[in-house]
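The stops below go from ring to ring, then to the sulfurs.

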Amino acid sequence: MSLGDNFRKPAGFIGKLIVAGMNSGHTRMAEWGFSHLDGKILGSGLDIGCGGGANVKRLLERGCEKVTGIDYSDVCVAQSTKCNKAYIERGTCRILQASVSSMPFENDSFDIATAFETVYFWPEIETAFKEVFRVLKKGAHFFICNEVDGLHKGDEKWPKRISGMKIYTGEQLSALLTSAGFTGIQTDSLFAKRYLCVTARKG
């Protein structure tokens, strides 16, 4: 596995180093993203591609009663579990190894789902968005936050370095979410930082 591939699915020693830096390295982007979620963080939350586990903790600290984090990397699952150990022991958090393409949850399970720095790597993203739609309750929100918005010179270099990666613009994500059944789609960007976020609702 190349260094670049470890950003898609961290594994082994190099993967552990990358995951260890995720929580601090993505703090500014995550805080900017969470500023768009006032009033939307409640009930049961799902963080898809939970990485180092910091956003699972943010969801718990900012309004969710319970949060499930999933990731298909065993290295990420281990780090997220370590990061949220206290919440897991309280019974308000669980971290599972699972794929967004086929999640082990019943229909209408969650009040909010988040995906930070991860949709770039989702295979068959149309199917994945329909799967997110399935596990959300009616009226629930799906929030995507990316560190690359696809509108800047040089953005195209990342898919060349990381196999299986695809950069999406806000317009492209909006179209894909609409096709999956989501409504009330809103996009925002911090152009100077290249940050992009998209909020969608299951009507």
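This tour covers aromatic pairs, charges over rings, and cysteines.

The model is predicted: local features need pLDDT of at least 70, side-chain atom pairs count only at pLDDT 80 or more, and totals for chains, interfaces and linings use all residues. Numbering runs from 1 along each chain as its sequence is written, and side-chain values use heavy atoms, without hydrogens or water.

**Aromatic rings.** The count is 10 aromatic pairs (Phe, Tyr or Trp six-membered ring centres within 6.5 Å; stacked under 30 degrees between planes, edge-to-face over 60, tilted for the rest). Select F129 and F142. They pair edge-to-face, 5.7 Å centre to centre, with 75° between the planes. F129 sits in helix α7 (residues 125-135) and F142 in strand β5 (residues 136-146), so the pair ties together parts 13 residues apart in sequence. (Helices, H or I of at least four residues, and strands, E of at least two, are DSSP runs numbered from the N terminus.)

F182 lies in the loop between α9 (170-180) and β6 (183-190), 40 residues from F142. F182 is buried at 2% relative accessibility (buried is under 20%, exposed over 50%, partly exposed in between; 1.4 Å probe, protein chains only). F129 is buried at 0%, and F142 at 1%.

Now show W122 and F133 too: ring pairs link W122, F129, F133, F142 and F182 into a cluster.

**Charges over rings.** Select K202. It lies over the face of F133, 4.8 Å from the ring centre (Lys NZ or Arg CZ within 6 Å of the centre and within 35 degrees of the ring normal). Next, R90: its charged end sits over the ring of Y87, 4.9 Å from the centre.

**Cysteines.** How many disulfides are there? The count is zero (the rule is two cysteine sulfurs within 2.5 Å). Select C50: its closest cysteine sulfur, in C76, is 6.7 Å away, too far for a bond.
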